[in-house]
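This report is written for a reader who is meeting the structure for the first time.

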Amino acid sequence: MKNYYQKEIETASREEIIAIQNEKIVKQVKYVYDNVPYYRDLMDKKGVRPEDIRSIDDIRKLPFLTKDDLREAYPYGLMGTDLKNCVRIHSTSGTTGKRVVAFYTQKDVDMWEECCARAIVAAGGTDEDVCQVCYGYGLFTGGAGLHGGSHKVGCLTLPMSSGNTDRQIQFMMDLNATILCCTPSYAAFIGETLAERGYKPEDNKLKAGIFGAEPWTEEMRRNIEKSLGIKAYDIYGLTEISGPGVAFECEEQKGMHINEDHFYVEVINPETGEPLPDGEKGELVFTSLDKEGFPLLRYRTKDICVLSRKKCSCGRTLVRMTKPMGRSDDMMIIRGVNVFPSQIEAVLLKEGYSPNYQIVVDRVNNTDTFDVYVEFAPEQFSDKIADVQAHEKKLDGAMRSMLGIGPKIHLVAPKTIARSEGKAVRIVDKRKLHD
């Protein structure tokens with residue numbers, strides 16, 4: 001039996017989806033032009049008027065928005081309605097500069113929660129499930145989005161938030177949680193902790209996990225599935241567009257279906273801004289087709305991705321995006337070589353190491369230094385120097401083969417790299433690359 005939350009949209013024909021998008025984009029551009037002076041100025045500078053946008057194909061005439069625009073317009077400059085019509089804000093972490101604050105009307109919240117409900121149902125969720133939400137609540141979108149989606153589906157919702165792993169495990173086991181929602185690194189940590197306490201994967205009642213908010217590889221997915229005895233589903237979103245639920249994985253686990261009735265997606269060449277055809281790798285750009293509080297048009301996400309419209313066995317016709325293959329701004333250039341953390345993680349997992357690692361980049365005497373700290377898996381651990389050096393040498397060779405350059409490998413004892421209950425801090429870049 002196929003699981004859909006809103007079957008008529010999720011399985012709509014391409015013609016029906018385009019018709020929805022055509023109708024919504026015309027209204028949305030006029031709405032934004034009339035209500036968001038910041039974006040109106042960008043349109044005026046580009047010589048574009050609302051009446052120039054007659055269908056979704058005309059979206060290329062519109063100017064892009066970037067995170068720099070969001071910072072410049074902070075806090076209220078990109079709002080699309082009066083503050084009295086907004087019922088909530090969410091915010092980014094602000095790790096790369098000034099925070100981004102997104103505003104939501106009640107209609108925006110309802111739409112977002114419906115998108116998350118689609119994700120939960122695609123992962124097999126029904127009103128008979130117990131959904132444990134261990135994403136952070138508060139300003140972070142993860143907890144609120146999956147919490148609301150869980151309610152829409154009718155699950156019993158455990159609003160755990162992040163952290164306090166003892167309590168997470170107690171409630172998971174005592175209340176027979178069936179769906180786990182958290183970051184993949186925290187799911188891996190829960191699996192690790194359960195094993196340490198003598199639990200086998202079949203001792204819990206979990207059947208599915210919905211994991212997002214940070215990059216993770218297929219190897220990490222398989223490790224989590226094995227340690228928790230579940231099927232692990234990816235979910236994608238960003239605060240600027242609404243939060244998790246912009247796209248979600250189905251049982252095929254070959255890309256995430258984008259909720260195209262609410263979000264129009266483009267992939268562009270990050271250097272030129274030119275749109276790329278399906279199947280080519282580029283930067284994701286999203287347009288909110290019906291947001292009221294924070295209605296962004298052509299927002300550049302910095303996420304590098306590929307789109308596919310190949311037929312999906314789940315029956316959904318919504319376009320699929322790959323897992324982000326890194327970010328155009330997270331990509332590290334080390335000694336002139338482009339390095340993505342996901343490449344390093346893939347090597348570690350393939351070689352049988354823990355997915356808990358940290359990359360430290362620095363610059364000494366005008367030369368980049370590149371260190372990777374990796375935990376031994378408990379069964380690999382040895383305190384003999386010769387054994388450690390042999391392992392480090394083998395891993396160095398595997399890294400060179402993948403990256404084209406060799407980091408200095410530091411193998412450390414299990415449990416010595418700090419665990420993350422929110423987004424894992426994988427990269428420490430000490431270089432002063434900007435003034």
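Is helix 10 (residues 341-350) mostly covered or mostly uncovered? Helix 10 is mostly covered, since seven of its ten residues are buried. Buried here means under 20% relative accessible area, exposed means over 50%, and partly exposed lies in between (1.4 Å probe, protein chains only). The buried residues of helix 10 are P341, I344, E345, A346, V347, L348 and L349. Just after helix 10, G352 adopts a positive phi of about 90°. Helices (H or I, at least four residues) and strands (E, at least two) are DSSP runs, numbered from the N terminus.

The model is predicted: local features need pLDDT of at least 70, side-chain atom pairs count only at pLDDT 80 or more, and totals for chains, interfaces and linings use all residues. Residues are numbered from 1 along each chain as its sequence is written, and side-chain values use heavy atoms, with hydrogens and water left out.

The size of an interface is often given as the accessible area lost when the parts come together. Between domain 1 and domain 2 the buried area is about 1,400 Å², and carbon and sulfur atoms give 55% of this area. Buried area is the accessible area (1.4 Å probe) that two parts lose on being put together, summed over both. Of the area that domain 1 buries against domain 2, F189, T217 and E219 supply 26%, more than any other three residues.

Two salt bridges are found across the interface of domain 1 and domain 2. A salt bridge is a side-chain nitrogen of Lys or Arg within 4 Å of a carboxyl oxygen of Asp or Glu. The interface of domain 1 and domain 2 also has three residue pairs in polar contact, both residues being at pLDDT 80 or more. A polar contact is a pair of N or O atoms within 3.5 Å; within protein, one must be able to donate a hydrogen and the other to accept it, and residues adjacent in sequence count only if both atoms are side-chain atoms.

## Salt bridges

The count comes to 29 salt bridges.

| Salt bridge | N to O distance |
|---|---|
| K415 and E192 | 3.3 Å |
| R316 and E10 | 2.8 Å |
| D34 and K30 | 2.7 Å |
| E249 and R221 | 2.8 Å |

R316 lies in the loop between strand 13 (307-308) and strand 14 (320-321) and E10 in helix 1 (residues 7-10), so the pair ties together parts that are 306 residues apart in sequence. R316 is buried at 3% relative accessible area, and E10 is buried at 0%. D34 and K30 are four residues apart in helix 2 (residues 14-35), separated by about one helical turn. D34 is partly exposed at 43% relative accessibility, as is K30 at 47%. A network of salt bridges links R14, E260, D278 and R309.

E249 belongs to strand 8 (residues 243-249) and is buried, at 2% relative accessibility. A polar atom of the E249 side chain lies 2.7 Å from the backbone nitrogen of D234.

R431 lies in the segment after strand 20 (427-429) and is buried, with a relative accessible area of 8%. The side chain of R431 makes polar contacts with the side chains of D368, at 3.2 Å, and D429, at 2.9 Å.
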